[in-house]
Amino acid sequence: CSQAGAFLEESSRSLFAKRKFADVTIRCEHHAIEANACVLAASPVFEKMLQSSMMEGNTWVIQVDDFSANAVEGFLEILYTGACSS
């Protein structure tokens, strides 16, 4: 099972780094940050946004004005990997 844990950790880090098959864009400051909806769904707030009939649920573009792009990236790293390296 330790090999499975190591594989899962490596896979989630790779998914975070590459953002393959990203289907959501988070706009923050002057950045467009790509993410995967299935990972964002781990956050109850993002999950509700994407499931709703609000603009985010229709366009899959989320505007974040209250946090810096670095803070958003750090939060995404936690959602993807369970840890934050910075």
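Helices (H or I, at least four residues) and strands (E, at least two) are taken here as DSSP runs, numbered from the N terminus. The structure is a predicted model, in which local features need pLDDT of at least 70 and side-chain atom pairs count only at pLDDT 80 or more, whereas totals for chains, interfaces and linings use all residues. Residues are numbered from 1 along each chain as its sequence is written, and side-chain values use heavy atoms, with hydrogens and water left out.

On this basis the loop between α4 (55-59) and β3 contains Trp-60, a residue that is not a glycine and yet has a positive phi of about 60 degrees. Trp-60 is partly exposed, at a relative accessible area of 31%, where buried means under 20% relative accessible area, exposed over 50% and partly exposed in between (1.4 Å probe, protein chains only).

The protein chain as a whole comprises 5 helices and 3 strands, arranged along the sequence in the pattern α-β-β-α-α-α-β-α. Its C-alpha trace spans about 40 × 25 × 20 Å along the principal axes, and 34% of the 86 residues count as buried. With contact taken to mean heavy atoms within 4.5 Å, 53% of the contacts between residues at least 6 apart in sequence join residues at least 24 apart.

Two strands are regarded as paired if DSSP finds at least two bridges between them. Strand β1 (residues 24-28) runs parallel to β3, to which 4 bridges join it, and antiparallel to β2, with 5 bridges between the two. Thr-25 has a bridge partner on each side, namely Val-61 in β3 and Glu-34 in β2. β1 and β2 form a hairpin with 2 residues between them; Glu-29, which lies in the loop between β1 and β2 (31-35), has a positive phi of about 55 degrees although it is not a glycine.

In a regular strand the side chains alternate between the two faces of the sheet. In β3, Ile-62 and Val-64 form the covered face, while Val-61 and Gln-63 form the uncovered one. Ile-62, when residues up to four places away in sequence are not counted, touches Val-24, Thr-25, Ile-26 and Arg-27, together with Leu-40, Phe-46, Met-49, Leu-50 and Glu-56.

A nonpolar core is defined as a set of buried Ala, Val, Leu, Ile, Met, Phe, Trp, Tyr and Cys residues joined through side-chain atoms within 4.5 Å. The largest such core has 19 residues, of which Ile-26, Ile-33, Leu-40, Phe-46, Ile-62, Val-72 and Leu-76 touch the most other members. Two or more residues of this core come from each of β1, β2, α2, α3, β3 and α5, and α5 gives the most, with 5 residues.

Rolling a probe the size of a water molecule over the atoms shows where empty space is left. On a 1 Å grid over the protein atoms alone, a cavity is a set of points where a 1.4 Å probe fits but cannot get out, and a pocket is an open set with protein on both sides within 12 Å along at least five of seven lines; lining residues have an atom within 4 Å of a point. The largest pocket has a volume of about 280 Å³, the volume being the space filled by probe spheres set on the points, which are joined across faces, edges and corners. Its lining consists of 13 residues, with Phe-46, Val-64, Phe-67, Val-72 and Phe-75 lying nearest the centre of the pocket, and the elements that give two or more residues to this lining are α3 (44-51), β3 (61-64) and α5 (69-81). By class, the lining has 9 nonpolar, 2 polar and 2 charged residues, where Ala, Val, Leu, Ile, Met, Phe, Trp, Tyr, Cys and Pro count as nonpolar, Asp, Glu, Lys and Arg as charged, and the others, Gly among them, as polar.

Three further residues were examined in and around α3. Ser-43, in the loop between α2 (37-40) and α3, counts as buried at 7% relative accessibility, and touches Phe-75 and Leu-79 when residues up to four places away in sequence are not counted. Lys-48, within helix α3, counts as exposed at 61% relative accessibility. Ser-52, in the loop between α3 and α4, is partly exposed, with a relative accessible area of 21%, and, under the exclusion of residues up to four places away in sequence, touches Gly-57 and Asn-58.
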